[in-house]
Amino acid sequence: MVDLIQRIPPWVYIAIIAHGVVLGTVAYLILLERKIASWVQDRIGPNRVGLGFGLIPWLKDKHMFGLGQPLADGLKFILKEDYRPKNTDRVLFTMAPGMMIIVIIISIAVIPWGGWKGDRATITVPAGMTPAAAIESALPPHHELISVDNAAAVPQLLDPHVAVPTARNVAYVHGWAFQIANLNVGVLFILAVLSLAVYGIVIGAWASNNKYSFLGGLRATANMISYEIPLGLAVLVVVAMFGTLDLAVIVEKQVHYWGGFWPAWNVFAQPLAFLMFLICIHAEANRAPFDTAEAEQELVGGYHTEYSSMRFALFFLAEYAGMITTSAVCVCLFFGGYHLPWIDLIPAVASLQPDPANPSVTTSLLWCLIRAFVLFGKTLLIIGVFMWVRWSLPRFRFDQIMDLAWRALIPIALGQFFMTAVVLWLFMGTERAFMRLPGRIALALLVGNVVLLAVTMLVSTLIPAGPDTNRKIKIANSRFARTPLPAGAA
């Protein structure tokens, strides 16, 4: 049994734990959302259902702050009637919510939860053998080669076609990535997969054979087309800074300090890109104030009007799971991922790194788990912003949402990318490939952000206003042509 467990790749265990934690968190995010709504509205919120459900004797009268509410909600959805109206497309109607939740679950795969679990080793390469082949044969199961000492000074060490003339010792670091799938195009993978989630909304809206649902699907499509552009440009700004699409590498390049004490997180160098990314993931998730696709006052329920029971629940589970994924990506791109500032300066923690040049590698599995909790904690803070915004801002009109994207975010995102390209060309030259961002360049990028913001505010006063699609009009012969005065007023 022990041998069988050792043969299972580490990513299998990480996948089981990560998906279990994410799906369990989804249930309690719904409880958190309801509690935040109650706090904003000055009421108590759900606090009566405990984990005993009135059945377990020693928990029968314990409410436990309402922690059983998500379980009660899930039980309610399972027991409700699974209603499907006539004249709907039965296959597509059933497939739509499942498509949304599957797409969101798949996108979690490339989140770099904890860097690399690695170890240092030394091997004697026989004469006439290539170091790459010797290291490959000595790697433990499921391990990958991370780095080789003196590889930069002696490139032949990793050349698979160059053998050493005499026997020599080669020191190297090997290990496995603390993530489900270590893709070198992780950012592109997440953007591509998450863009498929809108198909679940559109298919569900079309299959419902309902005018309100159809309008909700059209709005969701317009949202996706409009906000994917500034979202992609905000990500492209970060990609241009580091020259890679690998999400793990982007995190690793932020695990250092400017001036020896300030965390080298991208949010401090590119605050405008972070704000654009945050706005766009709100719109992509159809969260308030961008939730026109399901506006109750206008469309009854939008794309999910005709859904009930667990099919209805899957739409909302996918929404909250999507919030977790996009928030985790936001943390990886702009907040250093699993980096916990200043703790890695402690000698006991620094000694866990077998490769000082690569701070993402650690010899401790416990430290990988702590990093995962750090990343997850930062993710929950971003999710808190989602909920705070929902219960603070009113819903935009649909024309305002389109204006925000096409007349504001897209031009600013193009200017942000152009400014970043100019700064990198002026300050980094040919030395930019796969290097950490120096403090002077980060300061130049921050100044560029301030200048871009000032120019945007100036230009916004000069460009003509958009069409007034919600102007007041006079109605002939109507008693409401003039606002009636209160009784008794002059």
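Colleague: What share of the contacts in the chain with a separation of 6 or more comes from residues 24 or more positions apart?

Modeller: Such residues account for 79% of those contacts, where a contact means heavy atoms within 4.5 Å. This is a predicted model, in which local features need pLDDT of at least 70, side-chain atom pairs count only at pLDDT 80 or more, and totals for chains, interfaces and linings use all residues. Residues are numbered from 1 along each chain as its sequence is written, and side-chain values use heavy atoms, with hydrogens and water left out.

Colleague: How many helices and strands does the chain have, and what makes a run count as one or the other?

Modeller: The chain has 17 helices and six strands.

Colleague: Which strands form the open sheet, and in what order?

Modeller: Four strands form it, in the order β2-β3-β1-β6, with mixed pairing. Its edge strands, β2 (144-148) and β6 (361-362), each pair on one side only.

Colleague: What makes β1 and β3 a pair?

Modeller: Two strands pair if DSSP finds at least two bridges between them. Ten bridges join β1 (residues 116-125) to β3 (residues 168-177), so these antiparallel strands qualify as a pair. Glycine 118, for instance, has glycine 175 in β3 as its bridge partner.

Colleague: Why is serine 364 called buried?

Modeller: Buried means under 20% relative accessible area, exposed over 50%, and partly exposed in between, with a 1.4 Å probe and protein chains only. Serine 364 has a relative accessible area of 17%, and is therefore buried. This residue lies in the loop between β6 and α15 (365-390), and touches Lys117 and Leu352, not counting residues up to four places away in sequence.

Colleague: Which residues of helix α7 are buried, and what do they pack against?

Modeller: In α7 (residues 197-207), Ala197, Val198, Gly200, Ile201, Gly204, Ala205 and Ala207 are buried. They pack against α4 (90-107), α6 (186-194), α8 (211-242) and α13 (309-334). Just after α7, asparagine 209 takes a positive phi of about 55 degrees.

Colleague: Where is asparagine 286 found, and is it buried or exposed?

Modeller: Asparagine 286 is found in the loop between α11 and α12. Its relative accessible area is 5%, so asparagine 286 is buried. Although not a glycine, asparagine 286 has a positive phi of about 55 degrees. Proline 289 is found in the loop between α11 (271-284) and α12 (296-299), and the peptide bond from alanine 288 to proline 289 is cis, with omega near 5 degrees.

How values were computed: Helices (H or I, at least four residues) and strands (E, at least two) are DSSP runs, numbered from the N terminus.
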